[in-house]
Amino acid sequence: MPVIPAIHERSADLLSIFEDLHRHPELGFEESRTAAVVADKLRSWGFDEVHTGIGTTGVVGILHGRGTRGGAGNRRVGVRADMDALPIEEASGVAYTSGNPGRMHACGHDGHTTMLLGAAQYLAASRGFAGTAVFVFQPAEEGLGGARRMLQEGLFERFPCDEIYGMHNQPTGKPGHATLRKGAALAGASFFDIHLRGRGSHAAMPHQARDVLVIGADLIQQLQSIVSRNVRATDACVVSCTQFHTGSAYNVIPETATITGTIRFFSTDVRDLVQSRMRAICEGLALGHGITIDVAFHEIFDVLLNDAELSDAYLAAAADVVGAGNVAEEDAPFMGSEDFADMLRRVPGSYLNLGHAGTVPLHNPAFVLDPDILPVGASIYARIIETRLPIDKEPTA
């Protein structure tokens, strides 16, 4: 089957929701307006339960199917979408551009939320499944630990799931092409903060300084050699320094500096090795230059592990919508990270990528999510619920 007809008929409504969310982006744990929109929609569509404030701004909707025959009637399947935006000034040029300065849906979470809402509206009207569907709208995916916050507040104790599914848009690929990788699919991530304290001085007298700007620049270069000279070439790992803050004037050699970044990995042994080498390099530079360097690591993302059997079920559900020729298993893992991994550590499930006609990569100020993907993603979410919670047919006479 193609896009579910009842969802296709509501494409204009989905577009309206999407453009509204895009105009009002909110950062992690600040998604109050977004959460209110989600909760109001679920209530208006007749959801059996709508719970708010989970993980600060998360929303969970509970929908019971009309089928109760057979074993599926007691089962519970979860579907999840993220809601937060990024601290980016939008430069996409779309008519519905962000109205919040310095905030942008540059990763398409507005689209994910809209797609899950599209599935929610359709399933609330049809109730074409047995058992219970659990709709999870998660805050703060972008490195702030929204999934962990929801889990800490008893997400799966309050709303048990036998399995759970998530989805992410992918621009610059093949539109309407659904892919996933069984097993380790997305990297774990450790974020780091490095604080340097030296001695400031007048820029005309650098001999009186312990120059953290020069030392920090050297440190960044040395960190780039860790993976290439310590990690086996067959073990994927990436170290990226993403911020370097220091200085305040043309004629002052600064006294302090901060470097931040991430480590991406698929093995905790590799992560531990990289962190050990980072500490050693910092200690050596601090001793050699007579300054102090403090390093702090923050374990933000687990490795995302897709269950093999449930991945087959997810691909089959996607094939019902986009066609068997447009689904595929990915050969290689992706070095990006996703905190849906935390949920998959607790409940088996799978995470799927859905391609669209965007030409600009994620996390770019000019990123545009192709709205044609909205009913496609909504249909895939709906189909995984219907196929995993099937209604037993009535026996024939």
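The residues lining the second largest pocket divide into 3 nonpolar, 6 polar and 1 charged. Here Ala, Val, Leu, Ile, Met, Phe, Trp, Tyr, Cys and Pro count as nonpolar, Asp, Glu, Lys and Arg as charged, and the others, Gly among them, as polar. This is a predicted model, in which local features need pLDDT of at least 70, side-chain atom pairs count only at pLDDT 80 or more, and totals for chains, interfaces and linings use all residues. Residues are numbered from 1 along each chain as its sequence is written, and side-chain values use heavy atoms, without hydrogens and water.

A pocket is an open set of points on a 1 Å grid over the protein atoms alone, where a 1.4 Å probe fits, with protein on both sides within 12 Å along at least five of seven lines; lining residues have an atom within 4 Å of a point. Volume is the space filled by probe spheres set on the points.

| Pocket | Volume | Lining by class |
|---|---|---|
| Largest | About 640 Å³ | 13 nonpolar, 8 polar, 6 charged |

The lining of the second largest pocket includes F191, D193, Q243, T260 and H298. Strands 8 (188–197), 10 (237–246), 12 (256–265) and 13 (292–301) each give two or more residues to this lining. Strands are DSSP runs of E, at least two residues, numbered from the N terminus.

Strand 12 is mostly covered, with 8 of its 10 residues buried (under 20% relative accessible area, 1.4 Å probe, protein chains only). Pairing needs at least two DSSP bridges. I263 partners S190; R264 partners V238.

Note on methods:
Helix = DSSP H or I, 4+ residues; strand = E, 2+ residues; numbered from the N terminus. Buried < 20%, exposed > 50% of the residue type's maximum accessible area, 1.4 Å probe, protein only.
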